[in-house]
Amino acid sequence: MSKVILVTGAGRGLGTDIAREALTAGHRVVATGRRPEEVEKTLGGPQDNLLVTQLDVTSPEDAEVAAQAAVDRFGRVDVLINNAGNLFTGYFEEISPAQMRQQFETNLFGPMSVTRAVLPIMRRQRAGHVITITSTAGLVGMEFTSAYAASKFAEEGWMESLRYDVEPYNIHTTIVEPGYFRTEFLVDGSTTWPELSIDDYAPRTAPRIAGMKSMNGRQPGDPAKLARALLTIATQDKPLQRFVAGADAIEAAEAKANELLAQAHASRDLGGALAYDDAHA
């Protein structure tokens, strides 16, 4: 069954693959990006099932206009895929406060704004599906990614809670946690390096940046396969609430789950005896 799918960040990387695969599968696609002319060119030019519209996810006004344009063209929005995002790297002290705020503006408040614009449409329909691409870094904190991981952990908490808000209106939610996929995410423009420099961190910073740059083009995941998997989830009657994408992501998620269980068990004696003793009050 053909769906109307709104994709953010469709001008490059995974967003392009999602939009392209959705069009091939016969869906109607609202492909958004900061430079719509480039999005349209990337997707092969004008098409009957394609609407390209400008959307900077940090602009609530853009989000409202894009959502209305989708309704004006296709009459509804069935699936929102929050894909747009970026990466600020660095050790915490070397990430400026301005950079930290920028990271949250794009990776957390951006998808919130787009979702806020689309949810009224889905509630009127009493049907919809919000899919948000987070990251393995939304489950597991890693060295040199404190800003990115913080924004993705926050995004996960928002999405987990949003599920309960919108379930009564037949709106589904899915959190997607990809591992390393061969997109353009590690190139300049998607990745921003630390703004500050502290001598203590210098011997570790340079090798970290070099290592991340060397990974570009060598990531194990195929973004076209991920895009097709997302479309499978988008057409399920009872879609997955969490999709861990990639063998590396599954391994990391399993390790984190085991670690959490171990820490919960280790906390039982000390943490489990903290209630008021009402019997002796």
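Start by selecting helices α3 and α4: α3 passes α4 in a right-handed crossing. Right-handed here describes a near helix turned clockwise from the far one by less than a right angle, left-handed one turned anticlockwise. Helices are DSSP runs (H or I, at least four residues), numbered from the N terminus.

The model is predicted: local features need pLDDT of at least 70, side-chain atom pairs count only at pLDDT 80 or more, and totals for chains, interfaces and linings use all residues. Residues are numbered from 1 along each chain as its sequence is written, and side-chain values use heavy atoms, without hydrogens and water.

**Stop 1: α3 and α4**

Select residues 60-74 for α3 and 97-125 for α4. Their axes come within 8 Å and cross at roughly 35 degrees. Axes are lines fitted to C-alpha atoms, for helices over the stretch in contact, with angles from 0 to 180 degrees between N-to-C directions. Now show side chains. On α3, pick Pro60, Ala63, Glu64, Ala67 and Val71; on α4, pick Ser113, Val114, Ala117, Val118 and Ile121. These make the contact (heavy atoms within 4.5 Å). By class, the contact of α3 with α4 has eight nonpolar, one polar and one charged residues. Nonpolar covers Ala, Val, Leu, Ile, Met, Phe, Trp, Tyr, Cys and Pro; charged covers Asp, Glu, Lys and Arg; the others, Gly among them, are polar.

**Stop 2: α4 and α5**

On α4, the contact residues include Met100, Phe104 and Leu119; on α5, they include Tyr148, Trp158 and Val166. The α4 contact with α5 has 13 nonpolar, four polar and two charged residues.

**Stop 3: α1 and α7**

Select residues 13-24 (α1) and 223-234 (α7). Their axes come within 8 Å and cross at roughly 55 degrees, so α1 and α7 are oblique to each other. α1 passes α7 in a right-handed crossing. Leu14, Asp17, Ile18, Glu21 and Ala22 of α1 meet α7 residues including Pro223, Arg228 and Leu231. The contact of α1 with α7 divides into nine nonpolar, no polar and three charged residues.

**Stop 4: a pocket**

Finally, select Lys3, Asp78, Ala127, Ala234 and Gln236. Of the 17 residues lining the second largest pocket, these lie nearest its centre. The lining holds five nonpolar, seven polar and five charged residues. A pocket is an open set of points on a 1 Å grid over the protein atoms alone, where a 1.4 Å probe fits, with protein on both sides within 12 Å along at least five of seven lines; lining residues have an atom within 4 Å of a point.

Conventions: Helix = DSSP H or I, 4+ residues; strand = E, 2+ residues; numbered from the N terminus. Parallel < 35°, antiparallel > 145°, perpendicular 65-115°, else oblique.
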